[in-house]
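Work through the exercises below with the sequence and coordinates at hand. Each task is followed by a solution in steps.

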Amino acid sequence: MKYITSLDGKEYLVEILDDRRISVNGQIQEIDFVSVRGQPVHSLIMNGKSYESYVYETEEGLQVLLRGRLYNLTVEDEREKRLRATAGAGAGTSGEFNLKAPMPGLIVSIPVNEGDQVEKGQVLLILESMKMQNELKSPKNGTVARLRVKPGETVEQRQALLSVT
Amino acid sequence: MFKKVLIANRGEIAVRIIRACREVGLGTVAVYSEADRQALHVRYADEAYLLGPAPARESYLRMDKIMDIAKKSGADAVHPGYGFLAEREDFAQACVDAGIIFIGPKPSAIAAMGDKAVARATVVKAGVPVVPGTEDVGNMTNEDLLAVAPRIGFPLLIKATAGGGGKGMREVRAIEEMPALLMSARREAESAFGDGNVYLEKLVEGARHIEFQIMADAHGSVIHLGERECSIQRRHQKLLEESPSPALNEDLRAKMGAVAVKSAQAVEYLNAGTIEFLLDKNDNFYFLEMNTRLQVEHPVTEVVTGIDIVKEQLRIARGRSMSYKQEDVKWTGAAIECRVNAEDPFNGFMPSTGQIVQSIQPTGPGVRVDTGVYPGFEITPYYDPMIAKLIVWGETRAQAILRMRRALEEYRIVGVRTNIPFHQTLMDSHRFMGGQFDTRFVEERFSLEDAVENKESHPEIAVALATLVAHQQTQRAAQIVRRNERDASNWRWVGRWERMHR
């Protein structure tokens, strides 16, 4: 299986040859890769050198935390890359706004109801985190839809709260 | 002589106090909020009582409930830890009134040191140097303050009388900008503390934050256990502490220690406390404030002196004389403490909550971890983000730094993001290694991104790891779709099947 992995604008062609060998930009590397089940901790022995790291999935791709340094990467297989190239321009303007929690916290109040017309800049929700109250506002005019939380509920970072269509 | 101690706190400090009580054979009573039923302090204590819902004001700040539990459980002493009720004069008084021993200073000393203006006036009377500023810190009007300002000199600081944590604090470079800054400082102080009173203080530039640990018993003996260097801060929150400070020599230590003892004597201090000083580049030092409680960073002092401060606190509270005289206190080697917080250093130190899935603590020579969390424990947004303190000892400061680097890399916490990478980067900073820093170092001259740029990089390893993880995910997903197509041996297939159905 071939992948194109990008780091800091640089692309690497990575091929998984078998359980013990991968090729990075044409260079064959001996590997032994083990993951701790259900956890983002991975151990990689590459050419006899041992590395342990956290690998997190984010919306943008993968984050690798290795020896105190964070790397942001994207991994695509060849098919995905071709698909993206053809989809290309024009994408990403669906017009729907999904409000996500910018930080973990407690929903203090939701001054809007589902189906309400809201204006740009109107407060949609008040979120308290570490003793600070944050007003989350609508970036556009529209209708409140898919209200997923209630006042008094605690939410995680990036949890979907509501949408404005 | 008390037999049972109620610990009016949570987290690592509650665990720390329970440990000391247990070692000296005292019974322990834990209190907890609904969010902390699973907490370690609840599990370690002999008895545990529910206080109320998760928010601190409905649980750990409920003095009335804590006093009721003390009576119900028959606890005859209360240890407040730090934060919450630790520096509340009324809480100490309530204990005294109920005939329960408060393990800490007398209510009058908490009151005297709690109000910055009173504290300042008290120590000035005892001949302790303070940062030049307004002396009459009652209710000065803006006109009074503007008139006094040029005599103090610029730059200066506007500070809230009831202040703490940088709230209501403003830096003034010139008299023209002062009226507007006075207004905003008062507004902030009013909303944070319900008291808009402010005073002025000269801004000491390039200052270090140095504090001295004090111990005082009921028999008139007051000693100091040396200093802690606390200049590594971010937004007035300490991140790393060490002892000894790279900025002090023996003479200066003796001089500052003597002044610290004098400050404690000025309020007839009892039990453990901390005197905070500002130290400028020319070795001039000024009294800043006194913390009338056990500090978060007390372990670095314990490690270099070999003195168990919490056990000494219990001993003092029992009315006995301290186990040490000033000449018995000896310092060996160097200790560093890193505060491990559940926050993401790569994302503006945003708090991170969630369940701790795994925690592998560093061990080995010279390493100590004080924590209240374990795998399965939930980090909630209700309390402070500190989840552990990692403390190391080394024969020299350099050895301690090397050991801290090793320990930080060993520490694995899965489930929440932590600031461990920040500490790792700090340990590699040349200015930190050289001891060349002041209280503004982290905010003004240290950038995680820049520091990381200069660090050893392993792009190919990161690429290999990310790709292997992505590949693993694709394979797993494919396995679910193509159930009948067994591309691997039967044994491997069974393994995968079990994994999926667990």
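A polar contact is a pair of N or O atoms within 3.5 Å; within protein, one must be able to donate a hydrogen and the other to accept it, and residues adjacent in sequence count only if both atoms are side-chain atoms. The model is predicted, with local features needing pLDDT of at least 70 and side-chain atom pairs pLDDT 80 or more, while totals for chains, interfaces and linings use all residues. Residues are numbered from 1 along each chain as its sequence is written, chains are lettered from A in the order in which they are written, and side-chain values use heavy atoms, without hydrogens and water.

**Exercise 1. Describe the interface between chain A and chain B.**

Step 1. Count polar contacts: 10 residue pairs, both at pLDDT 80 or more, are in polar contact between chain A and chain B.

Step 2. Find what chain A contributes. Strand S6 (residues 49-57) of chain A gives the most to the side touching chain B, with 7 residues; helices (H or I, at least four residues) and strands (E, at least two) are DSSP runs, numbered from the N terminus. By class, that side of chain A has 31 nonpolar, 12 polar and 8 charged residues. Here Ala, Val, Leu, Ile, Met, Phe, Trp, Tyr, Cys and Pro count as nonpolar, Asp, Glu, Lys and Arg as charged, and the others, Gly among them, as polar.

Step 3. Look for salt bridges (a side-chain nitrogen of Lys or Arg within 4 Å of a carboxyl oxygen of Asp or Glu). The count between chain A and chain B is 1. Arg412(B) pairs with Glu52(A), the closest N and O atoms being 2.4 Å apart.

Step 4. Take the totals. In contact (heavy atoms within 4.5 Å) are 51 residues of chain A and 47 residues of chain B. The two chains bury about 4500 Å² between them, 65% of it on carbon and sulfur atoms; this is the accessible area (1.4 Å probe) lost on putting the parts together, summed over both.

**Exercise 2. Is helix H11 of chain B enclosed or open?**

Step 1. Apply the cut-offs: buried means under 20% relative accessible area, exposed over 50%, partly exposed in between (1.4 Å probe, protein chains only).

Step 2. Because 7 of the 9 residues of H11(B) (residues 309-317) are buried, the helix is largely enclosed by the rest of the structure. The buried residues include Ile309(B), Glu312(B) and Gln313(B).

Step 3. Inspect the ends. At the start, a side-chain oxygen of Asp308(B) comes within 3.2 Å of the backbone nitrogen of Val310(B). After the helix comes Gly319(B), with a positive phi near 90°.

Step 4. Check Thr301(B), in helix H10 (residues 298-305) of chain B. Thr301(B) is buried because its relative accessibility is 0%. Among the residues it touches are Ile309(B), Gln213(B) and Arg228(B).

**Exercise 3. Which residues touch the most other members of the largest nonpolar core?**

Step 1. In the largest core, of 65 residues, the answer is Leu6(B), Phe91(B), Ile232(B), Ile387(B) and Met427(B). Another core, of 31 residues, lies apart from it and includes Ala14(B) and Val329(B).

Step 2. List neighbours of Leu6(B), leaving out residues up to four places away in sequence: among them are Val29(B), Ile66(B) and His79(B).

Note on methods. A nonpolar core is a set of buried Ala, Val, Leu, Ile, Met, Phe, Trp, Tyr and Cys residues joined through side-chain atoms within 4.5 Å.
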